[in-house]
Amino acid sequence: MGMTTPPRTLAEALRARDDESLAALLRARPDLLTPVPNDITQLATRAGTRASVIRALEHLDRFALQTAEALAVAPDPAPYETLLGLLTGDGHDDGTHRGDTDGAITDTLPAALGTLREQALVWGEDDRLRLVRTARELLAPSPQHPSPTGLGPTVAEATAGMSPGRLQEILAAAGLPATHDPVSAVASLAGLFTDRAAMGALLDSAPAEALSVLDRLVWGPPYGEVTPNPTPPVRWLRDRGLLLPVSARTVVLPREAALHLRAGRAHRVPEPLPPVLDVLAKRDPQAVDGAAAGQAFLAVATVEELLKGWNGGGPPTLRAGGIGVRDLKRTAAALDVPEPVAAFWTELAHAAGLVASDGAADERYAPTPAYDEWAELPTEERWAALATVWLAGTRTPGLAGGQDAKGRVMSVLGPGLDRSGAPEVRHRILALLADLEPGTVPTPDSLLARLRWERPLRGASAPAPGGAPSGQNTSGGDTGDLRSRIALWTLSEAELLGITGRGALAAHTRALLESGPAEAAARLAPLIPEPLDHVLLQADLTAVAPGPLERPLADMLSVLADIESKGGATVYRFTPGSVRRALDAGRSAADLHAFLAAHSRTPVPQPLSYLIDDVARRHGHLRIGAASSYVRCDDEAVLNEILADRRAAGLRLRRLAPTVLAAQVDPASLLDGLREMGYAPAAESAEGDVLITRAGAHRTPPRTPPAPVPEGPPVPDTTLLGAAIRAIRAGDTAATVARKDPGRDSADSPAPPGALPRTSAAETLATVQAAAMTGTVLWIGYVNADGAASQHVIAPVKVEGGFVTAYDHTADGVRTYPLHRITGVAELADDATP
């Protein structure tokens, strides 16, 4: 779509774009598409709203943002040469060594300006560049919101309201001729500050102390406080307009004077190029993949161990949601990891839908049915599922233990831990690692510097001292902003999860980023150690697993023995309690002997055989049932012994029969009490059968994994973009096309913007019928059942039964409209037919 005259508004500039350019705008700023604008004018209005402009500025890299900041302090409109001069300077030496920065600025400025144009933040030809008004208001200097450039107001802005007499005094002190009005006085003073020769002569006559004052203000902030009786250097500057009063005690360095002192540059440190990633180390890619695969296996095992520990019901849910500090400590102790790491694994399992609240009266966290399905998958597929969830998740467990805006402590699995920017940071960190050679480890500081360059406004709160752009890392080690903290958490979490190995990106992670989970699992599978079907039994009642065990073997061994230590090899210890646990689960002594003999590469030690037989002999000798509860035993001597034991006082036992004792506690408490006394009782049912205790029976109802909190509207796909652009174009045609006024003889009479055509019902029917016969295109006003008014450009096809069926150019489809809802019709001008 060509254009013969320069655009006068943003809407005209957008209207002149082709469909591909509009699609790029909507893809970069998807909030403009929610809902789909009616026409180009509405699109331009929405693109200039404060919220949308702030969102767009937050997604600019540092140099694109510096370009916008330079335009905000440039004249409006500004030619390209002026913008380039503000970024490179006027060629005069200001004492700052810039190296090859000016050449890089010249090379990269067209791309930065193209980004601003694409996102509708800048419009106009190169000789008349205009920054969107809202962006100018946000980035231009003001006392309330200092500019990241460190510049102050212009002479015209700073002298607004100054008396004409005072202006003439300033001109006289600066050696300028008097003028006849304040406007010309302001122009004369601004001309002095922009005339390098005249300004140089004025500064040559300044006292050294006055130049020192200017040096402190030149790079910002440009405001300074003065006393009612200022010092001679300040008075000298104030008399000549180099410092202009803002209030009784505040002065400001005018923008034109500051630019002269800066050699014409808006920024002290322009950054046209992204920081280079510094290399910390180079690793062997195979060693990296091996380390990452080992950690990936450990990650899957840790999540599985966590959920096994919660099989019978995990920690209770706090009233506000989440788990308590004590429960987190217990979880960390059970996993043998620090509390922040336990918080990460807990949040990851929850994000994957493997654990959730059971919703019961005494609400607790427990594994979901999805956990059982996940546990049956191969290790590499389980890892791929966890890694995919981690990449897309918005939960940030690193915030747990901190306070929210209302001063409330944020707990693991509780509200307040979602940060919508986390997925973007994770993807960007991994993308930067993927751009390096395999095995390359960058320094964390250089990664943070790169992230700050790419999104400088994301962690910024105020301009940095000395005129540094807001969010600039002036120290090289500032990690106070949330984006930097998320980046550091990403690096540590990636190492824990096996995304990276020894600091470098693993090959299976590259496959995950490029091809998806299936390819990542295929790359990881050969690196995962094969599970073993045996252990090594030792005479000290321990078993050593020299590697990962097959799932049935690991499950049975976790019931029969307690884990004593973990690492390259896992050590299990057999105790009377662990053996009794296996017997409670329905195994007999013969089953346990056979299991150990089948899965041990060493002979079963005699002490272990004796332990199993001894516990089995005593197991079930006492029977516990519900009275409140009772103890039943065929051996009266055993019951007599229990009654005589002082430790049984809390159970409040009394004899009902020679072989039966009644207790005033519940069966579970009675079981625990007798076991603490050294007995091995067994629970029985009402029919007298032994109750078998099976671990892992508690599951929540089916739960949907928590959805990540989106940062904003999703990026539209190609189909939606195409349909939206057609609708916007058609709506623009309906809003701007010339129409024939039925009340005047075919004279072109465009209606006022937004006005609906008005005709009588008879005129509407006659015009629509005639158009259906001749194929004429009409402009109609329509009010739907909800009372919402709209405009449409239609080509009637059929009129019957009080309805008109037509091709709607606005909706790009065939529609049927009730005639009684059409407010009026008008024919399009002959040269305006779509």
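This is a predicted model: local features need pLDDT of at least 70, side-chain atom pairs count only at pLDDT 80 or more; totals for chains, interfaces and linings use all residues.
Among the helix pairs, α13 (residues 208–217) and α14 (residues 232–239) have axes that come within 8 Å and cross at roughly 75°, which makes α13 roughly perpendicular to α14. On the α13 side the contact is made by Glu209, Ala210, Val213 and Leu214, and on the α14 side by Pro233, Val234, Trp236 and Leu237. Classified by residue type, this contact of α13 with α14 comprises seven nonpolar residues and one charged residue, with no polar residue.

A second pair is formed by α26 (residues 551–560) and α27 (residues 576–584), whose axes come within 7 Å and cross at roughly 120°. Because angles of 65 to 115 degrees count as roughly perpendicular and only those over 145 as roughly antiparallel, α26 and α27 are oblique to each other. Met556, Ser558, Val559 and Leu560 of α26 meet Ser578, Val579, Arg581 and Ala582 of α27. The contact of α26 with α27 contains five nonpolar, two polar and one charged residues.

Helix α31 (residues 667–676) was examined for its buried residues, which are Leu670, Leu671, Gly673 and Leu674. Viewed down the axis of α31, these buried residues fall within an arc of 165°, so they line one face of the helix. In general, an α-helix has 3.6 residues a turn, so residues three or four places apart point the same way. The N-terminal end of α31 is capped by aspartate 666, a side-chain oxygen of which lies 3.1 Å from the backbone nitrogen of alanine 668. Just after α31, glycine 678 adopts a positive phi of about 100°.

Within helix α17 (residues 325–335), threonine 331 and aspartate 327 are considered together. Threonine 331 has a relative accessible area of 6% and is therefore buried, and aspartate 327, with a relative accessible area of 16%, is likewise buried, since the cut-off for burial is under 20%. The side chain of aspartate 327, for its part, is joined to that of arginine 330 by a polar contact of 2.8 Å. When residues up to four places away in sequence are not counted, threonine 331 touches Leu306, Trp310, Ala342 and Thr346, whereas aspartate 327, under that exclusion, touches Pro315 and Pro316.

The remaining residue, leucine 65, is found in helix α5 (residues 62–73) and counts as buried at 3% relative accessibility. Not counting residues up to four places away in sequence, leucine 65 touches Leu57, Leu60, Leu139, Pro456 and Leu457. One of these contacts, that with proline 456, joins parts of the chain that are separated in sequence: leucine 65 and proline 456 are 391 residues apart along the sequence, yet their C-alpha atoms are 8.2 Å apart in space.

How values were computed:
Residues are numbered from 1 along each chain as its sequence is written. Side-chain values use heavy atoms; hydrogens and water are left out. Axes are lines fitted to C-alpha atoms, for helices over the stretch in contact, and angles run from 0 to 180 degrees between N-to-C directions. Helices (H or I, at least four residues) and strands (E, at least two) are DSSP runs, numbered from the N terminus. Angles under 35 degrees count as roughly parallel, over 145 as roughly antiparallel, 65 to 115 as roughly perpendicular and the rest as oblique. Contact means heavy atoms within 4.5 Å. Ala, Val, Leu, Ile, Met, Phe, Trp, Tyr, Cys and Pro count as nonpolar, Asp, Glu, Lys and Arg as charged, and the others, Gly among them, as polar. Buried means under 20% relative accessible area, exposed over 50%, partly exposed in between (1.4 Å probe, protein chains only). The arc is that of the directions from the helix axis to the C-beta atoms. A polar contact is a pair of N or O atoms within 3.5 Å; within protein, one must be able to donate a hydrogen and the other to accept it, and residues adjacent in sequence count only if both atoms are side-chain atoms.
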